[in-house]
Amino acid sequence: MAEVGGDAGDACRLLTKKELEGLRQMMNPPPAVRRCLELVFITLHIAKLRPKIKSLPDGKRLAIEWFDVQRMLTKFQWFYPAMSDESNIQPLVDSPKVCAYLQREYFEGPDALTEERLRR
């Protein structure tokens with residue numbers, strides 16, 4: 001994979017179809033990889049998952065099945081355009097509770113997703 005240094009769309013464009021297939025075939029990916037792909041899954045399926053996230057009790061985490069993430073990665077022709085469509089953030093902007101959940105679960109605490117952690 002090439003050097004990442006821009007937005008998520010740039011990073012996604014650096015992944016090849018072969019690399020996505022490699023991620024999809026992982027039965028037990030490293031925790032940081034799994035969490036990163038869960039975050040992508042939630043972001044791309046925000047309309048479907050928003051009600052579930054909004055109804056979560058405080059401190060609870062939405063269970064994302066790895067099989068669903070793997071299925072998302074098989075839809076290469078859909079996945080790339082969806083990841084690079086920077087104008088499609090309105091559903092997140094319209095959902096402050098979902099944004100707060102994503103911040104808390106994926107970007108804060110000891111397991112926070114960082115570029116360094118993902119590169120390992």
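Tutor: A residue is buried when its relative accessible area is under 20%, exposed when it is over 50%, and partly exposed in between, with a 1.4 Å probe and protein chains only. In this structure, buried residues make up 32% of the 120 residues in the protein. The model is predicted: local features need pLDDT of at least 70, side-chain atom pairs count only at pLDDT 80 or more, and totals for chains, interfaces and linings use all residues. Residues are numbered from 1 along each chain as its sequence is written, and side-chain values use heavy atoms, leaving out hydrogens and water.

Student: How many helices and strands are there in the protein?

Tutor: Helices (H or I, at least four residues) and strands (E, at least two) are DSSP runs, numbered from the N terminus. The protein has 9 helices and 0 strands. Its pattern along the sequence is α-α-α-α-α-α-α-α-α.

Student: What percentage of the contacts with a separation of 6 or more is between residues 24 or more positions apart?

Tutor: Contact means heavy atoms within 4.5 Å. Of the contacts in the protein with a separation of 6 or more, 75% are between residues 24 or more positions apart.

Student: At what angle do α4 and α8 pack?

Tutor: Axes are lines fitted to C-alpha atoms, for helices over the stretch in contact, and angles run from 0 to 180 degrees between N-to-C directions. Angles under 35 degrees count as roughly parallel, over 145 as roughly antiparallel, 65 to 115 as roughly perpendicular and the rest as oblique. Helix α4 (residues 46-54) meets helix α8 (residues 96-106) at about 80°, with axes 10 Å apart, so the two are roughly perpendicular to each other. On the α4 side are I46, R50, I53 and K54; on the α8 side, K97, V98 and Y101. For residue classes, Ala, Val, Leu, Ile, Met, Phe, Trp, Tyr, Cys and Pro count as nonpolar, Asp, Glu, Lys and Arg as charged, and the others, Gly among them, as polar. The contact of α4 with α8 has 4 nonpolar, no polar and 3 charged residues.

Student: Which residues make the contact between α3 and α4?

Tutor: Helix α3 (residues 31-44) and α4 pack at about 100°, their axes 6 Å apart. These helices are also roughly perpendicular to each other. F41, I42, T43 and L44 of α3 touch I46, L49 and I53 of α4. By class, this contact of α3 with α4 has 6 nonpolar, 1 polar and no charged residues.

Student: Is Y106 buried or exposed?

Tutor: Y106, in helix α8, has a relative accessible area of 0% and is therefore buried. Beyond its neighbours within four places in sequence, Y106 contacts R35, E38, L39, I42, R61, Y101, A112 and L113.

Student: Where is F107 found?

Tutor: F107 is in the loop between α8 and α9 (115-119). Its relative accessibility is 40%, so F107 counts as partly exposed. Residues up to four places away aside, F107 touches L39, L102, A112 and L113.

Student: How many disulfides does the structure hold?

Tutor: A disulfide is a pair of cysteine sulfur atoms within 2.5 Å. The structure holds 0 disulfides. C36 is partly exposed at 24% relative accessibility, and C99 is partly exposed at 32%.
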